[in-house]
Amino acid sequence: MDELLAEVKLYLRLDGDLEDTLLAGMIKAATKYLISASGKSKTAAGDDITSDELARLAIKMLVSHWYDHRGTEWLGGGKAPAEIGYSFKVILAHITMSGDYTK
C-alpha cells in the first residue's frame, strides 16, 4: 500500500504527508470499486490485481478524480457531478472483459 500511495502522490503531484490518510482511504475505496465493477480481483497468473500496472493506473485515475472532485457543492446547486474520464472507462472495460484477469 505504501508503494501505491507513493505512486498516487506522484500522479497527483503532491508533496508531504498531510493528505496521506485521505489518499490511503481513497486507494482502498478505488481498489474495492475496481474489483466490484470488473468482477476481477486477480491477474491470470494469480497475483493480486493491484500488482498489475493497468489496474494500478485505473486506481490512480479514480483516486485523482475523487480527489479533484471531492467537494459537495453540486448537491442542490444544480450542477451535475463530474463524470470520470473515458480513459478510465476503457481500462475498466478491458479488465472486465480480458482474459488477463480472473476472480
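Ground rules before we start. Residues are numbered from 1 along each chain as its sequence is written, and side-chain values use heavy atoms, with hydrogens and water left out. Because the model is predicted, local features need pLDDT of at least 70 and side-chain atom pairs count only at pLDDT 80 or more, while totals for chains, interfaces and linings use all residues.

Start with the core. The largest nonpolar core holds 23 residues. By nonpolar core I mean buried Ala, Val, Leu, Ile, Met, Phe, Trp, Tyr and Cys residues joined through side-chain atoms within 4.5 Å. Buried is under 20% relative accessible area, exposed is over 50%, and partly exposed is in between, with a 1.4 Å probe and protein chains only. Helices α1, α2, α3 and α4 each give two or more residues to this core. The largest share, 7 residues, is from α3. Helices here are DSSP runs of H or I, at least four residues, numbered from the N terminus. Among the residues with the most contacts inside the core are L34, F88 and I95.

Now helix α1, residues 2-12. Its buried residues are L4, L5, E7, V8, K9 and L12. Their cover includes α2 and α3 (53-68). After α1 comes R13, with a positive phi near 60°.

Next, L34. Beyond its neighbours within four places in sequence, L34 contacts G39, I49, A55, A58, I59, L92 and I95. Contact means heavy atoms within 4.5 Å.

On to the serine. S38 sits in helix α2. Is S38 buried or exposed? Buried, at 7% relative accessible area. A polar atom of its side chain lies 2.7 Å from the backbone oxygen of L34. The S38 side chain also reaches the backbone nitrogen of K40 at 3.1 Å. Not counting residues up to four places away in sequence, S38 touches L92, I95 and T96.

Last, the rings. How many aromatic pairs are there? The count is 1. Rings of Phe, Tyr and Trp (its six-membered ring) pair if their centres lie within 6.5 Å; planes under 30 degrees apart are stacked, over 60 edge-to-face, the rest tilted. Y33 and F88 form a tilted pair, 6.4 Å centre to centre, with 35° between the planes. Y33 lies in α2 (residues 20-38) and F88 in α4 (residues 86-97), so the pair ties together parts 55 residues apart in sequence. Y33 is partly exposed at 39% relative accessibility. F88 is buried at 4%.

Note on methods:
A polar contact is a pair of N or O atoms within 3.5 Å; within protein, one must be able to donate a hydrogen and the other to accept it, and residues adjacent in sequence count only if both atoms are side-chain atoms.
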